[in-house]
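Biologist: I am new to this structure and would like to be walked through it. Could we look at it together?

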Amino acid sequence: MLAIQDITLTWGKDERGGQYAESRASFPSAYAEEAVTARCEAVVFRRSYFQDGNAVISAAQRLRICGILNGEQLEERIRWMSQRRASTYVSLADIDVTGLTAERSDCCCEVGFFYDAGRCGMPFRRGSNKNYNNPKSQLYRKNVLNERAFVLSDGQYGRIIWNERLSDADTGEWFYRLHIYNLFNAAGAFNGTEFVARAPDFLYEQTAALY
């Protein structure tokens, strides 16, 4: 089983630098999760956070503070977000995590990262494309970054960190997002503490200066 923790931290232009950047430096890179004993090929845990000044709040807290929804709608949405379970997959090909690929070979799992032009923000990432000459790939003959991040053997743990700048569809203002993917190749069940028990065996970064 490949256990994946998908963490995002979003902030606006007012929190871009200075003391707010210093506050982001202490943002956790991993969290403990619930145990998963079901037989599946992959499980994905998703966590979404927002920076509000020097504070980091969860997506549920942001809904309450901003009043994006009202009354029963708000409470129902917050309750759903608080109780949401992990997503399980019977195939690695079905995993829906932006820019992430995973392929299994025997007991090993090859993890890759690519720039998804339809989902990723700026800057546009170009570079080595391992599928440039593969006509069956969606990235065939495309000048985009698409490379192997690392290979995980049983019991190994890897982390991918990347960032992006996006534009708000309503206001046109820039906002910023940090992504952290923690991946653990479990030989059996996933007990939930693997992401916080120790440092990763592998670290892959695609972090750029975001203006």
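Modeller: We may begin with a term: a salt bridge is a side-chain nitrogen of Lys or Arg within 4 Å of a carboxyl oxygen of Asp or Glu. Please note that this is a predicted model, where local features need pLDDT of at least 70, side-chain atom pairs count only at pLDDT 80 or more, and totals for chains, interfaces and linings use all residues. Residues are numbered from 1 along each chain as its sequence is written, and side-chain values use heavy atoms, with hydrogens and water left out.

Biologist: How many salt bridges does the count come to by this rule?

Modeller: The count comes to seven salt bridges. One of them is formed by the side chains of Glu110 and Lys130, at 3.3 Å from N to O. Glu110 lies in strand 6 and Lys130 in the loop between strand 6 and strand 7, so the pair ties together parts that are 20 residues apart in sequence. Strands (E, at least two residues) and helices (H or I, at least four) are DSSP runs, numbered from the N terminus.

Biologist: What does Glu110 count as in terms of accessible area?

Modeller: Glu110 is partly exposed, because its relative accessible area is 26%. The cut-offs are under 20% for buried and over 50% for exposed, with partly exposed in between (1.4 Å probe, protein chains only). Lys130 also counts as partly exposed, at 38% relative accessibility.

Biologist: Which residue forms a salt bridge with Glu173?

Modeller: That residue is Lys13, and the closest N and O atoms are 3.7 Å apart. The pair links distant parts of the chain: Glu173 is in the loop between strand 8 and strand 9, while Lys13 is in the loop between strand 1 and helix 1 (18–24), 160 residues apart. Glu173 is partly exposed with a relative accessible area of 40%, and Lys13 is partly exposed at 44%.

Biologist: And which residue does Arg198 pair with in a salt bridge?

Modeller: Arg198 pairs with Asp201, with 3.0 Å between the closest N and O atoms. Arg198 is partly exposed at 36% relative accessibility, as is Asp201 at 38%.

Biologist: Let us turn to the strands. How many residues of strand 8 are buried?

Modeller: Ten of the eleven residues in strand 8 (residues 157–167) are buried, and the strand is mostly covered. Strand 9 is mostly covered too, with ten of its twelve residues buried.

Biologist: How many bridges join strand 8 to strand 9, and in which sense do they run?

Modeller: Eleven bridges join strand 8 to strand 9 (residues 174–185), and the two run antiparallel. Two strands count as paired if DSSP finds at least two bridges between them. Within this pairing, Trp162 stands opposite His179, and Ile160 has Tyr181 as its bridge partner. The two strands form a hairpin with six residues between them, and Gly172 in the turn has a positive phi of about 80 degrees.

Biologist: Does strand 10 run parallel or antiparallel to strand 8?

Modeller: Strand 10 (residues 202–206) runs parallel to strand 8, joined to that strand by five bridges. Ile160 takes part here as well, with Tyr204 as its bridge partner in strand 10.

Biologist: What about strand 1 and strand 9: how many bridges are there?

Modeller: Strand 1 (residues 2–12) pairs with strand 9 over eleven bridges in the antiparallel sense. Ile7 stands opposite Ile180 of strand 9.

Biologist: What is the strand order in the open sheet of three strands?

Modeller: The order is 5-6-7, with antiparallel pairing. Strand 5 (100–105) and strand 7 (146–152) are the edge strands, each pairing on one side only. Six bridges join strand 6 (residues 108–114) to strand 7, and Phe114 stands opposite Asn146 in strand 7.

Biologist: Changing topic, how many disulfides does a search of the whole structure find?

Modeller: The search finds zero disulfides, a disulfide being a pair of cysteine sulfur atoms within 2.5 Å. Cys107 is in none, and the nearest cysteine sulfur, that of Cys108, is 4.1 Å away. Cys107 counts as partly exposed, at 38% relative accessibility. Cys40 counts as buried because its relative accessibility is 18%.
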